[in-house]
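I opened the model and went through the fold first, then single residues. My entries follow.

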Amino acid sequence: MKSILSNIVLSIAIGMASTATVNAQTLKAQVLSDNHVMMRVPTDKKYLLLPVEENQENDHINVIKDNNSVQTLNVRLAVNKADYYVPLDVQRFGKGNVLLDISVNRGDVANSASKSSTSDFAAWKLIKTSDQYDISNKEKFRPAFHHTPVYGWMNDPNGMFYKDGVWNLYFQHNPYGSQWENMTWGHSTSTDLIHWKYEGEAIEPDVLGTIFSGSAVVDANNTAGFGPGAVIAYYTSAGKAQKQSMAVSTDNGKTFKKFEDNPVLVSNIPDFRDPHVFWYDEGKKWILIVSEKQHMKIFSSKNLRDWIFESDFGEGYGCHDGVWECPDLIKTTSGKWILVCNINPGGPFGGSATQYFTGSFDGHKFICDTEPTVTKWMDWGKDHYATVTFSNAPDGRHVALPWMSNWQYAAQVPTKQYRSANGIPRDLDYFEYKDTGYVSVKPSPEVLRAFSKKAQKSLTPSCRVDVQMRGKTTIELSNRKGERVLMTYNASTETFTMDRTKSGDTSFSNDFPAITKAPTRGKVKTLQIFIDKSSVEVFDVDGKMAMTNIVFPSEPYNNITVKGGSAKVYPLL
């Protein structure tokens with residue numbers, strides 16, 4: 001099986017040559033003042049390659065064509081050196097030239113030891129045009145069977161839907177650097193939830209704001225009037241206020257046209273974001289759930305255009321130590337409803353995490369079936385956030401995808417070509433333990449099919465380990481450098497812990513070294529551990545416990561020691 005990045009590299013249509021190609025064209029900057037630079041760029045070559053230095057401030061670039069602003073973006077332009085390059089497609093603006101009007105954010109960088117003025121910035125010598133952009137993998141931590149952006153920053157999964165055998169994943173993306181900025185919906189597709197093809201940027205910022213999180217649905221019955229099978233995306237336009245906007249695709253999600261009457265929902269509350277839409281069959285209507293500060297608002301619609309307020313949920317329920325975000329509302333096979341609520345901060349081990357509520361929904365109001373003070377966590381690791389489900393998944397399944405990081409340190413992790421991955425896809429359902437309902441979390445069947453059925457003894461950098469448990473079991477993953485991840489199951493206390501304090505590089509954040517602990521809701525017979533270069537994800541095979549943690553070992557873990565149980569290693573196909 002080829003790695004996820006190899007699959008992307010072969011499919012993306014932006015070339016494989018080095019950024020220092022012979023056909024690159026160097027440009028001339030006009031420095032007008034310490035905080036103002038202009039540069040004229042011909043569009044005879046496809047890309048303008050922007051040199052990025054990550055420890056600098058964001059500079060603002062206004063792209064002007066025929067005296068009109070056609071795009072704005074923020075980039076950490078290189079002052080001393082280029083950590084990497086990012087591509088700006090300039091041919092999209094038509095033949096001729098574009099003018100870059102650059103507002104330099106000098107901050108503390110212009111008077112650094114090696115540079116004394118804006119005219120000396122390395123960016124003006126390094127910036128160039130080229131017909132090609134190098135996307136070959138330069139990161140040893142890039143996983144093999146998890147989705148990652150080809151380059152740039154990624155956080156929340158967005159707008160996920162399944163149609164005609166294809167899983168469509170959109171994601172919060174910065175195409176112009178590996179730090180959070182320029183929020184755009186990047187787009188990847190897959191037929192097996194393992195191999196992903198980068199499809200480019202699907203929804204880009206506009207005058208209403210940058211593009212924050214949201215969802216997409218397949219309008220099979222043409223309720224919105226854009227045609228049977230049109231894909232309708234709802235997202236947050238984040239400008240002076242956060243408001244909800246709509247875009248429509250009639251080509252299965254490849255391209256979107258924004259609704260001419262955006263925004264479609266507004267609020268006077270600053271934190272108003274992340275709309276999630278689904279079809280409520282019992283009432284023959286669409287439901288939209290959206291976060292508003294520390295509660296959720298529920299709306300309904302017959303046509304995906306006009307929304308009626310139905311109810312609020314959240315006051316006094318669960319954890320309120322941070323802002324509520326990225327909601328979801330699903331009906332499980334038992335008939336019970338799950339309201340998913342991501343929160344930052346407030347997670348059980350600090351930072352961001354996913355809480356949820358169980359109960360009932362009648363098309364108007366969600367009623368929680370536990371006491372308001374009860375808090376339930378979907379995953380007990382440090383790196384499981386912004387978890388939402390695919391719309392229109394086959395066989396009525398609820399396939400969820402988390403962002404596999406934590407806002408405490410997501411911008412500091414030791415990668416630069418890209419930042420962040422998604423956790424493996426997981427199917428959600430419902431189970432009860434001691435008269436209380438919980439979310440069942442299991443690796444999706446597509447994930448299990450990605451591994452050999454034949455076991456081997458040794459670990460590989462990307463593999464699955466099945467551990468048969470007894471009363472007390474310890475599992476240690478280690479390498480020759482003495483780095484390790486230690487896991488312990490205690491049947492008597494019904495707990496599972498993971499210690500990553502000595503897992504490898506933890507120096508980039510004081511919040512990263514951690515021991516995470518989960519209740520197992522009963523006895524555990526078999527654990528499934530998914531290891532993929534920079535992550536360790538653990539699931540009880542019965543779905544009662546999940547724990548997701550990222551790690552950065554200096555070399556792959558090549559040894560596993562199990563006490564109180566037995567392990568089988570299944571390599572990636």
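I began with contacts, meaning heavy atoms within 4.5 Å. Of those in the protein with a separation of 6 or more, 62% are between residues 24 or more positions apart.

I noted the ground rules next. The model is predicted, so local features need pLDDT of at least 70 and side-chain atom pairs pLDDT 80 or more, while totals for chains, interfaces and linings use all residues. Residues are numbered from 1 along each chain as its sequence is written, and side-chain values use heavy atoms, with hydrogens and water left out.

**Overall fold**

I looked up the secondary structure: 3 helices and 39 strands. These are DSSP runs, numbered from the N terminus: helices are H or I with at least four residues, strands E with at least two. The C-alpha trace spans about 70 × 60 × 40 Å along its principal axes.

Does the radius of gyration agree with a compact globule, or disagree? It agrees, because a compact globule of 573 residues would have a value near 25 Å and the protein has 24 Å. That radius is taken over C-alpha atoms, and the globule rule is 2.2 Å times the number of residues to the power 0.38.

**Surface and charge**

I find 61% of the 573 residues buried (under 20% relative accessible area; exposed is over 50%, partly exposed in between; 1.4 Å probe, protein chains only).

**Gln71**

I placed Gln71 in strand β6, residues 68-75. Gln71 is buried, because its relative accessible area is 13%. Its side chain makes a polar contact of 3.0 Å with that of Tyr176 (an N or O pair within 3.5 Å; within protein, one atom must be able to donate a hydrogen and the other to accept it, and residues adjacent in sequence count only if both atoms are side-chain atoms). Leaving out residues up to four places away in sequence, Gln71 also touches others, including Ile61, Leu88 and Phe93.

**Backbone checks**

I found a cis peptide bond between Asn262 and Pro263, with omega about -5°. Pro263 sits in the loop between β17 and β18. Asn344 and Pro345 are also joined by a cis bond, omega about -10°. Pro345 is in the loop between β23 and β24.

I then checked positive phi at non-glycines. Asp274 has about 70° and lies in strand β18. Asp274 is buried, because its relative accessible area is 4%. Ser420 has about 90°, in the loop between β29 and β30. Ser420 counts as buried, because its relative accessibility is 8%.
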